[in-house]
Number of protein chains: 2
Amino acid sequence: MSELRVVYLSGGVGGARLLEGLARALPAASLTAIVNIGDDFEHLGLSICPDIDTVLYTLSGLADLKRGWGLRDESFRALELVSRYGGESWFQLGDMDLGTHLMRTQWLSEGHSLTTITQRFARALDVGCSVLPMSNDRLRTRIETAHEGTLSFQDWLVRRRGVPQVVGVTFEGTARPSPEVLQALARADLLIIGPSNPYVSIDPILSMPDVRTAIAKLKVVAVSPIVGGRAVKGPLADMIPTLAKRSASAGAVAAHYGSLLSGMVVELGDEPSVHDLPVEGTATIMRTADDRLRLAQAVLQFAERISRTPGT
Amino acid sequence: MSELRVVYLSGGVGGARLLEGLARALPAASLTAIVNIGDDFEHLGLSICPDIDTVLYTLSGLADLKRGWGLRDESFRALELVSRYGGESWFQLGDMDLGTHLMRTQWLSEGHSLTTITQRFARALDVGCSVLPMSNDRLRTRIETAHEGTLSFQDWLVRRRGVPQVVGVTFEGTARPSPEVLQALARADLLIIGPSNPYVSIDPILSMPDVRTAIAKLKVVAVSPIVGGRAVKGPLADMIPTLAKRSASAGAVAAHYGSLLSGMVVELGDEPSVHDLPVEGTATIMRTADDRLRLAQAVLQFAERISRTPGT
């Protein structure tokens, strides 16, 4: 397995957890994560990349996996003072986390690319595998809601707690994949799509035509973020009925990715919802480090068994 | 005493302590502090005003008076991560403190004046008296050193720990006093110059011609930052011999302010060093809240006893 080159598409929490398992199942040089930047935003003058940070913190062992976001033993003292001054405090900016945002913002202002900056963070945090932002360009996910117009992603998810009903998702800006992303895809033997929200975490990556083209040649396995008709985390289960005109299921996610997929890994019992595609049922909820490693190994073994079928 | 209008010129730590005593000795409406901005700098993309913050934190009771700078019970977790990433960590940015810098930076970028921002902070921190930056313009203290060329103030004081020998102090930029500063001076009955470093904390304020003109009409009392030939805090005692060509003493400070002064408050025993000026000897080292209040009262009583003599 040391010769295998795996590229992994990731959003935030769920995606980062399986990635952490893969990072332990594979040699560091075999694994590259391409991470969504559609959630990125500017807040209090800081450039914040929630998915990249979740991935880095999870891989480095610093993440608070119980709470589901941010850093373990995090404190919020800067935010307390911001709040006392009447500043915006709806986004939970932790004190340690601020160190990341401050350095990213400074380095961006000095002209460094998001890729270079992310690699610096990864090195400093002893992250072994390669973590790449999907692009050095700017792309922002916009949420069209039924009753509150179009909201920026963080506005919708965090400030409005994902409550406003989503009727559409669009991407603002034209992002091209970085050279590092294209090179990783060109060399890959296998692409794994993490159990992230397809609409807001994976589609931003797939919205780049050069990525679509590169992926069409690859064996592609997706892991379902829907378990028994419900999202493990986040608002996905509510989005599918409106956006896909069908009930939430692993099969709905498979159908969304369509001909891109060579196979799908779903929760045990969810197999019947997936049609016309090799499917593997296994325990997909990752509560412990063992869960993450075991699912990673199951995904890799399933990928080994199936043959490439994308584009068919 | 409720009719008296006092304006106080302040640098950082020493100046802030006496100001805190004055704030308890006088009704809030009677006291206005004009604070040095020559130490201000940009760091990690943040606009930092060390003297204004020290004044606000001291008046609000949040300051760490034992350590001598920053906030009580402060933590430094953002800085830990900045340092881990290889960012600049020579300036001790506390987590709570970051809340102040983040809001100031954001409000400045939105076009608010430093005066407005400082007033917002003061209100949020329950500071009763008026705290005014000396100007809304930019003025930066530059330190000419004997062997390392010209350094920015924080570079010299914090990064280089005030070690490089000072051969000159200059101010970069042309600052004009804000309307609020001019109004406070126009209405003042008494000006008190705090026990701050005259060269780097008070001279930036006095370098503005309109302030000089307004002060010429006022009764002016300075409190000596030199006690028995030594500075209570900071590098002042080493600066006087080079910059004033005489040994460090309360008298050297009085001579520096020259005809501006109506009288001088010095440490008991230091009176003989001051010539041709009403002088009051008292305990000037402020370790406790009682010390601060007692010195404030002594300064106010001394000022009441002497008549106006500036400009003579």
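This passage describes a three-stranded sheet in chain A and the contact between chains A and B in a predicted model.

In chain A, strands β7, β6 and β8 form an open sheet in the order β7-β6-β8, and the pairing is antiparallel.

Strand β6 of chain A covers residues 140-145 and is joined to β7(A) by three bridges, with the two strands running antiparallel. Within this pairing, A:Glu144 is placed opposite A:Thr150 of β7(A). A helix also packs on the sheet: α8 of chain A, formed by residues 198-206, touches both β6 and β8 of chain A. The direction of α8 makes an angle of about 25° with that of β8(A).

Between the chains, 26 residues of chain B are in contact with 26 residues of chain A. On the side of chain B that touches chain A, the elements contributing two or more residues are α3 (77-84), α4 (95-109) and α5 (114-124) of chain B. Of these, α4(B) gives the most, with 10 residues. By residue class, this side of chain B comprises 12 nonpolar, nine polar and five charged residues.

Definitions and conventions:
Residues numbered from 1 in each chain as written. Chains lettered and ligands numbered in written order. Predicted model: local features only at pLDDT ≥ 70, side-chain atom pairs only at ≥ 80, totals over all residues. Pairing = 2+ DSSP bridges. Helix = DSSP H or I, 4+ residues; strand = E, 2+ residues; numbered from the N terminus. Contact = placed C-beta atoms within 7 Å. Axes fitted to C-alpha atoms, helices over the stretch in contact; angles between N-to-C directions. Nonpolar A, V, L, I, M, F, W, Y, C, P; charged D, E, K, R; others polar.
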